[in-house]
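Here is a short report on how one protein model is put together. Keep the structure in view as you read.

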Amino acid sequence: MDHRIISPIEMYSVARHNTHFYKSVVFYLRFKTLSFSLSQWTERIEKCLRLTINAQARLRLQVDLSRKEPFFIILPINVFDCLPIKIIERTNNYYDHDDQQEEFLDKIIENETNTGFTYNQYSPLWRLIIIFSSNSNIFDIILTLNHAIGDGISGMAFFTTFIECLTDKSTLTFSLNDDRPMNELIPSRLPPFSSLLLKIIEKILLPKFLSQYFFPKTYWTGNIQIIGNDLSKTRLVSFKLSNQLLDLLHKKCQFEKTTIHTAILSSFLLSITEIMGKKNVELSCNTAVNTRRYCQPIESNKKMGVFVSGADSYHYIPYRNNLIDLFWPLARQIKEQINKEIEHSVLPLIQSLKFISNWNQFLIDQRKSLPNGYQHTVDISNILGWSFHSNDPSWNIIHGGFTQSANTVGSLFTLSVVTVNDILKVYISFHEHSIENIEQVNFIKDRMKQILIDAIYL
């Protein structure tokens, strides 16, 4: 059954799929039970999953590329007679400690970021994995989405509905009758004409060789140039901040008149500068912006969909022996630039996407014209804080996380951040071929966490 034409922002993800530039976005929740029965929990999960499909109707969408204008189609409900659930048992090596269990979890999630979907008429654009161990009362539920049907907020919207069903609470129902393209919901507010014209010329109209001359890219995007159609595996590392550390960091951010988001980005930029041995370096960032609050009417964060734009910021890191002194000034600078971009560029960018007629070719051309094939040094998606609580004393949710494929035409690094039940989880994803020494990314991850802790006491 036909639904509607795919919108420009959704076409961006469809084109990334078609060109093999991006695979999927992945979410998880970790559960702890008094005792675990695989058969009982599988039955409960399947029941709640069917209710979630009814409540979040975008889970029934597929992509039809056979016509002139790509269309969303609605899968028949009988497609879900067999639910896309996979069950994986942790090996005995991974049940003694939470860190070991998380290492196994991250291996599965990394594999998910490298596994895409097929556009057809008989399988959904999402899947579920249950990870368990017969020796443990801890299990994980992983959701993998095609980005064309859902953004970062959508994964947590899915879990919100799913947990409400699991706890027998009433849920909101989001019908496809109310599923409108984001560009129809966002006011057509234009920035100053000169600014809009320059953006369109630079990103869409100007030939590559002229764009490189008139709009030079001087920021750092690694040292390895992408050649031809080389594709590479997404790799990822992660770390957590406990609720105690997160609370201290939040209070310090308030005192410094900035945010957790900018603190995380500041720690990452300083870590790159230190670990990669860069001196006097310019770094480019893109912050994903949840646009639900700008829609008319406002869209709920509990609703799945693609409501996202991006805010660019550029930061020069001067060389000095003690980089930590730059932390809070840099965080405030990031906040100032992001706020300015939100005010002037984020919403007009959504409307300007309609000027792109051939998305596949657009992405291929972008890849060829960008420094080392990347638009930025780092993309960051922070989908904020979510609370999931059980009214059943026999189980609870410990923490969660989200990450995504490294984006071939995005950034050298992708930061994916979420706070679940007051525990913050950060994933760093990157292409394997883009980093000469992969162990450096582990050093960056560890240094990031230490800088965040040190900054609390500055």
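## The model as a whole

This is a predicted model, in which local features need pLDDT of at least 70, side-chain atom pairs count only at pLDDT 80 or more, and totals for chains, interfaces and linings use all residues. Residues are numbered from 1 along each chain as its sequence is written, and side-chain values use heavy atoms, with hydrogens and water left out.

The protein has 13 helices and 14 strands. Both are DSSP runs numbered from the N terminus: helices are H or I with at least four residues, strands are E with at least two. The C-alpha trace spans about 60 × 55 × 40 Å along its principal axes. A compact globule of 458 residues would have a radius of gyration near 23 Å, and the protein agrees with 22 Å. That radius is taken over C-alpha atoms, and the globule rule is 2.2 Å times the number of residues to the power 0.38.

## The five-stranded sheet

An open sheet of 5 strands runs in the order β5-β6-β7-β2-β12, with mixed pairing. Two strands pair if DSSP finds at least two bridges between them. At the edges stand β5 (85-89) and β12 (395-404); each has a single partner strand, so one side of each is left without a neighbour in the sheet. The twist averages 20 degrees from one strand to the next.

Strand β6 (residues 126-132) runs parallel to β5, and 5 bridges join them. Ile-87 stands opposite Ile-130 in β6. Helix α2 packs on this sheet, touching β2 (25-33), β5, β6, β7 (138-145) and β12. Helix α4 packs on the sheet too, touching β2, β6, β7 and β12. Here contact means heavy atoms within 4.5 Å.

## Where α2 meets α4

Helix α2 (residues 38-55) packs against helix α4 (residues 152-166) at about 125 degrees, with the axes 9 Å apart. Axes are lines fitted to C-alpha atoms, for helices over the stretch in contact, and angles run from 0 to 180 degrees between N-to-C directions. The angle makes α2 oblique to α4. Angles under 35 degrees count as roughly parallel, over 145 as roughly antiparallel, 65 to 115 as roughly perpendicular and the rest as oblique.

Which residues make the contact of α2 and α4? Among them are Trp-41, Ile-45 and Leu-49 of α2, and Phe-158, Phe-162 and Leu-166 of α4. By class, this contact has 10 nonpolar, 2 polar and 1 charged residues. Ala, Val, Leu, Ile, Met, Phe, Trp, Tyr, Cys and Pro count as nonpolar, Asp, Glu, Lys and Arg as charged, and the others, Gly among them, as polar.

## The six-stranded sheet

Another open sheet has 6 strands in the order β8-β14-β13-β11-β9-β10, and its pairing is mixed. Its edge strands, β8 (234-241) and β10 (308-317), each pair on one side only. Strand β9 (residues 281-290) runs antiparallel to β10, with 10 bridges between them. Ala-288 stands opposite Gly-310 in β10.

Helix α9 packs on the sheet, and its direction makes about 145 degrees with that of β11. Helix α13 (residues 439-456) lies across β8, β13 and β14.

## Where α9 meets α10

The axes of α9 (residues 260-275) and α10 (residues 327-344) come within 8 Å and cross at roughly 120 degrees. That makes α9 oblique to α10. The contact includes Leu-265 and Leu-269 of α9, with Ile-334 and Ile-338 of α10. By class, it has 9 nonpolar, 4 polar and 1 charged residues.
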